[in-house]
Amino acid sequence: MSKEVLTTKVDPTYDDLPEQRYHFPRTYLRQVEAARGDWIVYYEPRRPSGDLMKTGGRQAYFATARITNIIEDPSKPDHFYALVEDFVPFDHTVPYKKANHYYERAAQRRRFHQQRGFRSRCPKHFRRRV
């Protein structure tokens with residue numbers, strides 16, 4: 001059973017609405033299909049929009065939800081929507097990093113690409129965040 005982290009911004013480049021849907025390119029389709037029916041964690045990055053000069057995002061995990069279905073985006077080729085249900089915002093956001101502790105083990109690696117919109121995590125690390 002996979003546990004996934006989905007990145008969404010305050011002012012997303014994609015057509016995300018975390019309570020209902022997550023918009024993504026074909027690049028992530030296999031990963032999202034593997035997560036269908038499973039719980040995910042939402043992550044808000046430091047950059048609140050696609051503008052690389054802006055900062056101000058919480059850089060924290062803020063909610064969980066369950067992926068229930070995947071549909072093609074009828075208006076944008078090679079893009080899809082992961083439909084979600086059971087959206088639950090956290091009482092308190094969980095920071096990406098606290099002191100020298102990262103909540104994602106992979107983040108400790110030098111070549112970790114946090115910008116990826118969809119990241120797989122093992123159930124043990126998922127439970128730590130939730």
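At 31% relative accessibility, Asp15 is classed as partly exposed. In this predicted model, Asp15 takes part in a salt bridge with Arg21, the closest N and O atoms lying 3.0 Å apart. Arg21 is likewise assigned as partly exposed, at 21% relative accessibility. Across the whole structure, a search finds four salt bridges, and the structure also holds five aromatic pairs. The chain averages a pLDDT of 77, with 65% of the residues scoring at least 70.

**Salt bridges**

- Asp78 and Arg26 meet through their side chains in a salt bridge, at 3.0 Å from N to O. This pair links distant parts of the chain, 52 residues apart: Asp78 belongs to the loop between strand E4 (60-72) and strand E5 (79-95), and Arg26 to the loop between strand E2 (21-25) and helix H1 (29-35).
- Asp78 has a relative accessible area of 46% and is therefore partly exposed. For Arg26 the relative accessible area is 43%, which also places this residue in the partly exposed class.
- A salt bridge joins Glu85 to Arg66, with the closest N and O atoms 3.6 Å apart. Because Glu85 lies in strand E5 and Arg66 in strand E4, the pair ties together parts that are 19 residues apart in sequence.
- Glu85 is partly exposed, with a relative accessible area of 43%, and Arg66 counts as partly exposed at 22% relative accessibility. Salt bridges with shared partners join Arg66, Glu85 and Asp86 into one network.

**Aromatic pairs**

- Of the five aromatic pairs in the structure, one is formed by Tyr42 and Phe62, whose ring centres are 5.7 Å apart and whose planes meet at 20°, so this pair is stacked.
- Tyr42 is buried, with a relative accessible area of 0%. Phe62 also counts as buried, at 12% relative accessibility.
- Tyr42 forms a further aromatic pair with Phe87, and this one is tilted, with 6.0 Å from centre to centre and 50° between the planes. The partners lie 45 residues apart, Tyr42 in strand E3 and Phe87 in strand E5, so that distant parts of the chain are linked.
- Phe87 is partly exposed, with a relative accessible area of 23%.
- Tyr22, Phe24 and Phe80 form one aromatic cluster.

- Glu44 lies in strand E3, which spans residues 39-44. At 7% relative accessibility, Glu44 falls under the 20% limit and so counts as buried.
- Leaving aside residues up to four places away in sequence, Glu44 touches Thr8, Val10, Gly57, Arg58, Gln59, Ala60 and Phe62.

**Confidence along the chain**

- Confidence in the chain is highest in E2, at 95, and lowest in helix H2 (residues 123-129), at a mean of 48.
- Residues 106-115 have a pLDDT that stays under 50, and the model gives them 17 contacts beyond four places in sequence. The pLDDT is also below 50 over residues 122-126, a stretch with eleven contacts in the model beyond near neighbours in sequence.
- Where pLDDT is low, the predicted coordinates should not be read in detail.

Note on methods:
Residues are numbered from 1 along each chain as its sequence is written. This is a predicted model: local features need pLDDT of at least 70, side-chain atom pairs count only at pLDDT 80 or more; totals for chains, interfaces and linings use all residues. Side-chain values use heavy atoms; hydrogens and water are left out. Buried means under 20% relative accessible area, exposed over 50%, partly exposed in between (1.4 Å probe, protein chains only). Helices (H or I, at least four residues) and strands (E, at least two) are DSSP runs, numbered from the N terminus. Contact means heavy atoms within 4.5 Å. pLDDT is the predictor's confidence in each residue, from 0 to 100. Rings of Phe, Tyr and Trp (its six-membered ring) pair if their centres lie within 6.5 Å; planes under 30 degrees apart count as stacked, over 60 as edge-to-face and the rest as tilted.
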